[in-house]
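Welcome! Here is a short tour of a structure that may be new to you, arranged by topic so that you can follow along.

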Amino acid sequence: MRWIGIGCLALLWPLAAAAGPQHILVGLDGKTVFAPEGSRNGPDGADAVAILDVSDPGRPRIAHVLALSNSVYGPPSNLGITPDGRLGLVASAVTMRRDGENWWAEPDDRLHLIDLDATPPRALATVRVGRQPSGLAINRGGTLALVANRAGRSVSVLRIAGLDVQVVGEVAVGGEATAVAFAPDGRRAFVAKIAAEPTKAGTVGVLAVEGERVSYDPALDVPAGAGIYAVAATPDGRLLITADTGAVASDGHVDTASVIRLDRDRPVAVDHLGVGDTPETVAVAPDGRHAVVAVVGGSAAPHAAPAYTPGGTTVLLSIAPDGRVSVVDRAPNGAVPEGVAFSPDGSHVYVGNYADRTLQTYRLDGDRLIDAGAPLALPGQPASLGGVAR
């Protein structure tokens, strides 16, 4: 968040994950609070990453918590797990600097590595990437990761070999890079970019991936909604769906999820769906039939603001066989919903309610989201969610 700023391969990964615990990472921010009078920052040192066991998808439980820096300043996609389930990656977007009575965010450049095979899971090492690392993505082979660097206006390229991660390149993309997603075949990737204020015009840049060499062609940029904050590709490689927070967050005006066709000679935006005020992120189901968008609404605004709402919304999108995307359901959330993720089998959806410090679980029943019970209390404010790369 920025208030400062097919086949057979697609079906194999759940079987591999079933051999052991199935995890989802939750980034917990201890620096920024959305209080009734407005947001405020505090010192570093209280962040953490919770590791959820979702082997029983309807009953997620906290398996372990590690003290690792991360932040709500940025999209809720700053963390993820390699396809073999062994390695977690967590980007730290900002650190805090004190000036008088106030704390101000400054770009960080750290990427934390987590050994998920260890008992208990443990922090392995820290890798230096670009400035203000935000969203990240891991390819299906688990051999390459990309990190969108917001202040660096670039994408870092990282080689993954088991538990070892090395930076092998960085490509300039000509704008504030907020999030990134691989195409299923790993030969392209897509980076969300935000232009300068006040318009915060959003575009999706197209990256060519040849082994460990990544290049960017600005001629292929695709227009999206203002303040684009998240990108997610469908498993068949046909579509990319974005979450566009808008030029001003929690202002009461509707914002969009953009739909981009990837199976054309060049990617083309074909629709902009009105999903609500300030959609933070988007996730696509493993079977590619649905996507979910976390919509903050006015729940991040000061309580006295005209656009204030006590909670947000999870919006369910249906993805038809012909590629048409439509809104089919909405479910109420707690305050400031941030990250979203599907369970590995696609049967459930998890949403992190930042201000409420809870994880909300929904069961997917056709084109409906069914509340699966009382939210899970978390030991901090959930700024992001990330599961196994598919």
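Let us begin with a pair of strands: β23 and strand β24 (residues 290-295) run antiparallel to each other and are paired over 5 bridges. Please keep in mind that this is a predicted model.

- Another antiparallel pair is made by strand β8 (residues 102-115) and strand β9 (residues 122-128), with 6 bridges between them.
- Within this pair, L111 has V127 of β9 standing opposite.
- Is T119 buried or exposed? T119 counts as exposed, because its relative accessibility is 80% and the cut-off for exposed is over 50%.
- T119 can also be placed relative to H64: the two are 55 residues apart in sequence, and their C-alpha atoms are 9.6 Å apart in space.

**Cis peptide bonds**

- In general, most peptide bonds are trans.
- What kind of peptide bond joins T119 and P120? The bond is cis, with an omega of about -5 degrees.
- A cis peptide bond also leads from E197 to P198, where omega is near 10 degrees.
- P198 sits in the loop between β15 (188-194) and β16 (202-210).

**Positive phi angles**

- In general, most residues other than glycine have a negative phi.
- K200 is not a glycine, yet its phi is positive, at about 50 degrees.
- The position of K200 is in the loop between β15 and β16, and with a relative accessible area of 6% K200 is buried.
- V336, also not a glycine, has a positive phi of about 60 degrees.
- V336 belongs to the loop between β26 and β27 (337-342), and V336 is buried, with a relative accessible area of 0%.

**An aromatic pair**

- How many aromatic pairs does a search of the whole structure find? The search finds 1.
- F34 and Y354 form this pair, with 5.5 Å from centre to centre and 75 degrees between the planes.
- The arrangement counts as edge-to-face, because planes over 60 degrees apart fall into that class.
- Distant parts of the chain are linked by the pair, since F34 and Y354 are 320 residues apart.
- F34 comes from strand β2 (residues 32-35), whereas Y354 comes from the loop between β28 (348-353) and β29 (358-365).
- F34 is buried at a relative accessible area of 12%, and Y354 counts as buried at 0% relative accessibility.

- Strand β14 (residues 176-182) contains A177.
- A177 has a relative accessible area of 0% and is therefore buried, as the cut-off for buried is under 20%.
- A177 and A192 are 15 residues apart along the chain, and 5.7 Å separates their C-alpha atoms.

**The largest cavity**

- The volume of the largest cavity is about 860 Å³.
- How many residues line the largest cavity? There are 43 of them, and A232, G387, V388, A389 and R390 lie nearest the centre of the cavity.
- Sorted by class, the lining is made of 31 nonpolar, 10 polar and 2 charged residues.

Terms used
Residues are numbered from 1 along each chain as its sequence is written. This is a predicted model: local features need pLDDT of at least 70, side-chain atom pairs count only at pLDDT 80 or more; totals for chains, interfaces and linings use all residues. Side-chain values use heavy atoms; hydrogens and water are left out. On a 1 Å grid over the protein atoms alone, a cavity is a set of points where a 1.4 Å probe fits but cannot get out, and a pocket is an open set with protein on both sides within 12 Å along at least five of seven lines; lining residues have an atom within 4 Å of a point. Grid points are joined across faces, edges and corners, and a volume is the space filled by probe spheres set on the points. Ala, Val, Leu, Ile, Met, Phe, Trp, Tyr, Cys and Pro count as nonpolar, Asp, Glu, Lys and Arg as charged, and the others, Gly among them, as polar. Two strands pair if DSSP finds at least two bridges between them. Helices (H or I, at least four residues) and strands (E, at least two) are DSSP runs, numbered from the N terminus. Rings of Phe, Tyr and Trp (its six-membered ring) pair if their centres lie within 6.5 Å; planes under 30 degrees apart count as stacked, over 60 as edge-to-face and the rest as tilted. Buried means under 20% relative accessible area, exposed over 50%, partly exposed in between (1.4 Å probe, protein chains only).
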